[in-house]
Amino acid sequence: WGRLPLLFLVVLAACSARASEITFELPDNAKQCFYEEIAQGTKCTLEFQVITGGHYDVDCRLEDPEGIVLYKEMKKQYDSFTFTASRNGTYKFCFSNEFSTFTHKTVYFDFQVGEDPPLFPSENRVTALTQMESACVSIHEALKSVIDYQTHFRLREAQGRSRAEDLNTRVAYWSIGEAIILLVVSIGQVFLLKSFFSDKRTTTTRVGS
């Protein structure tokens, strides 16, 4: 039973990270912005990826409270940007699909504000970590890695499924088009052969008379 408090501590620490993780639809000729209140000196990370739509690209722009551009990329499929807030205030980051005229996108982003607090604060601590505490720290780091891997694999699976469905739709339309062309050519050949025999029968009748 003595291990349970440490296990609960690991689970709570893994869930205490302040982050915004959202998947949303971005229509064509549209722009979507998000806002986050951040304190000065806080380390933040913005990571995004286009899951479906067109060439899987989007414009991204990040501004500080004074409107200074911290990050700007055009037509990116995925990227990650880490910065430290230089002032207190509301930071804005926007995703734009204004360059697309008819294709909407599905965008995923993860905006992490701050870093995870240590499981065992070093203040007023004289002794080194015990073996159990070291094991808890290792488990905590492993859990974070597992969560990151799961997220990336789910995104790749969703993107692969979208591409497969798009390819399947194109193959279906191509097959229907080929069937229609084959039907038209077959009907044309029948009428062409019929016209040959009709011309020959007409010519034979004229010679006999």
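Reader: Before we start, how are residues numbered, and which pLDDT do local features need?

Author: Happy to set that out: residues are numbered from 1 along each chain as its sequence is written, and side-chain values use heavy atoms, with hydrogens and water left out. As this is a predicted model, totals for chains, interfaces and linings use all residues, side-chain atom pairs count only at pLDDT 80 or more, and local features need pLDDT of at least 70.

Reader: What pLDDT does the protein average, and over which residues does pLDDT stay under 50?

Author: The score is the predictor's confidence in each residue, from 0 to 100. The protein averages 80, and 80% of the residues score at least 70. Where pLDDT is low, the predicted coordinates should not be read in detail. That caution applies to the stretch where pLDDT stays under 50, which is residues 1-16.

Reader: What share of the contacts between residues at least 6 apart join residues at least 24 apart?

Author: A contact here means heavy atoms within 4.5 Å. Among contacts between residues at least 6 apart in sequence, the share joining residues at least 24 apart is 74%.

Reader: Which residue in E5 is the bridge partner of arginine 61?

Author: Strand E4 (residues 58-63) and E5 run antiparallel and are joined by 5 bridges. In E5, the partner of arginine 61 is lysine 72.

Reader: How many residues of strand E8 are buried, and which residue in E8 stands opposite glutamine 49?

Author: Buried means under 20% relative accessible area, exposed over 50%, and partly exposed in between (1.4 Å probe, protein chains only). Strand E8 (residues 105-113) is mostly covered, with 8 of its 9 residues buried. E8 is joined by 8 antiparallel bridges to E1 (residues 19-26), where glutamate 25 stands opposite threonine 106, and by 8 antiparallel bridges to E3 (residues 43-52). The residue opposite glutamine 49 is tyrosine 108.

Reader: What kind of aromatic pair do phenylalanine 24 and phenylalanine 109 form?

Author: Rings of Phe, Tyr and Trp (its six-membered ring) pair if their centres lie within 6.5 Å; planes under 30 degrees apart count as stacked, over 60 as edge-to-face and the rest as tilted. The structure holds 16 such pairs. For phenylalanine 24 and phenylalanine 109, the centres lie 6.1 Å apart with 70° between the planes, so the pair counts as edge-to-face.

Reader: How many residues apart are those two in the chain?

Author: Phenylalanine 24 lies in strand E1 and phenylalanine 109 in strand E8. Phenylalanine 24 counts as buried because its relative accessibility is 11%, and phenylalanine 109 counts as buried because its value is 1%.

Reader: Why is the pair of phenylalanine 34 and phenylalanine 93 called stacked?

Author: Phenylalanine 34 lies in strand E2 and phenylalanine 93 in strand E7 (residues 89-96), so the pair ties together parts that are 59 residues apart in sequence. Both phenylalanines are buried. Their ring centres are 5.6 Å apart, and the pair is stacked because the planes stand at 20°.

Reader: Which loop holds asparagine 29, and is asparagine 97 buried or exposed?

Author: Asparagine 29 has a positive phi of about 55° although it is not a glycine, and its place is the loop between E1 and E2. Asparagine 97 lies in the loop between E7 and E8 and touches residues including Asn29, Leu26 and His104. Because its relative accessible area is 0%, asparagine 97 is buried.

Definitions and conventions: Two strands pair if DSSP finds at least two bridges between them. Helices (H or I, at least four residues) and strands (E, at least two) are DSSP runs, numbered from the N terminus. Lists of a residue's contacts leave out its neighbours within four places in sequence.
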